Amino acid sequence: MKFTIYYGPRAHQRRKKEPIMDYAFNRKDLVCLGMCSAIGVWYLLKRHWVANNLFGIAFAVNGVELLQLNSIMTGCILLGGLFFYDIFWVFGTNVMVTVAKSFEAPIKLVFPQDILEKGLGASNFAMLGLGDIVIPGIFIALLLRFDVSQKRNSKVYFYSGFIAYCLGLFTTIFVMHVFKHAQPALLYLVPACIGLPLLTALVKGDIKDMFSYEDNPESEEDKEKKKEKVEDKKEN
């Protein structure tokens, strides 16, 4: 099936109309649309934590797919900056914790701590912001592309990044449980997600290749065009 909307001149003018929306879909797409719509209505009416998590997971996966880093150095700088940002806004002020608890939107994943007592009707939650998933996620996705670029039929850096993320997340949950206080997840995720892959690269002798890797390097034509633009601006 196909759905197309056209725009263009009036019928008496002899010009070809151009589509502004051209979407082909099948029965599977319609089934998915129906299921997603039902979950959306469920969330709007009940604000249930399961529906919230389904939306949150969907947003996180879509974010990792759409956002992209082009080099390991850029990823390290980004994670390093957010490391200090997260620490300040969680320990330095109560703004982030207050907003996370009061803002009713699927911007976080919630984990019921009393699920064994109340089941799906749980009301006491621990929270994980989507930024704590997406930002490390795009860095780990970059590690996977670096693995592919090495052409070794190995995903050692992807697995090291993924394992590091899991260890950092478990550490966050453990510390939060022990001290009974909100924790900046990136405080534990950033050192783990950067440290273990870099240590692996150091052991394997790939550290230089890792930092020189560019996911979408500029072609010679693009570089020449930029040089021409810079020269033109200088002349003007």
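What share of the 236 residues in the protein chain is buried? Here are my notes, with that one taken up in point 2.

1. A word on the ground rules. This is a predicted model, with local features needing pLDDT of at least 70, side-chain atom pairs counting only at pLDDT 80 or more, and totals for chains, interfaces and linings using all residues. Numbering runs from 1 along each chain as its sequence is written, and side-chain values use heavy atoms, leaving out hydrogens and water.

2. Buried residues come to 30% of the 236. Buried means under 20% relative accessible area, exposed over 50%, and partly exposed in between (1.4 Å probe, protein chains only). The accessible surface of the chain is about 16,400 Å², and carbon and sulfur atoms hold 63% of that; these areas come from the Shrake-Rupley method with a 1.4 Å probe, and for residues only the protein chains shown count as cover.

3. On the fold: the chain has 10 helices and four strands, in the order β-β-α-α-α-α-β-α-β-α-α-α-α-α from the N terminus. Both are DSSP runs numbered from the N terminus (helices H or I, at least four residues; strands E, at least two).

4. Have a look at the rings. There are 10 aromatic pairs in the structure, one of them Trp-49 with Phe-125, tilted at 6.4 Å centre to centre and 50° between the planes. Since Trp-49 sits in helix 2 (residues 49–66) and Phe-125 in strand 4 (residues 125–129), the pair ties together parts 76 residues apart in sequence. Trp-49 is buried at 14% relative accessible area, while Phe-125 is partly exposed at 30%. For the cut-offs, rings of Phe, Tyr and Trp (its six-membered ring) pair if their centres lie within 6.5 Å; planes under 30 degrees apart are stacked, over 60 edge-to-face, the rest tilted. Tyr-43, Phe-55 and Phe-59 make up one aromatic cluster.

5. Ser-71 is worth a click. This serine is in the loop between helix 2 and helix 3 (72–92) and is buried, at 10% relative accessibility. Its side chain makes a polar contact with the side chain of Thr-74 at 2.7 Å. A polar contact is a pair of N or O atoms within 3.5 Å; within protein, one must be able to donate a hydrogen and the other to accept it, and residues adjacent in sequence count only if both atoms are side-chain atoms. Leaving aside neighbours within four places in sequence, Ser-71 is in contact (heavy atoms within 4.5 Å) with Leu-142 and Tyr-213.
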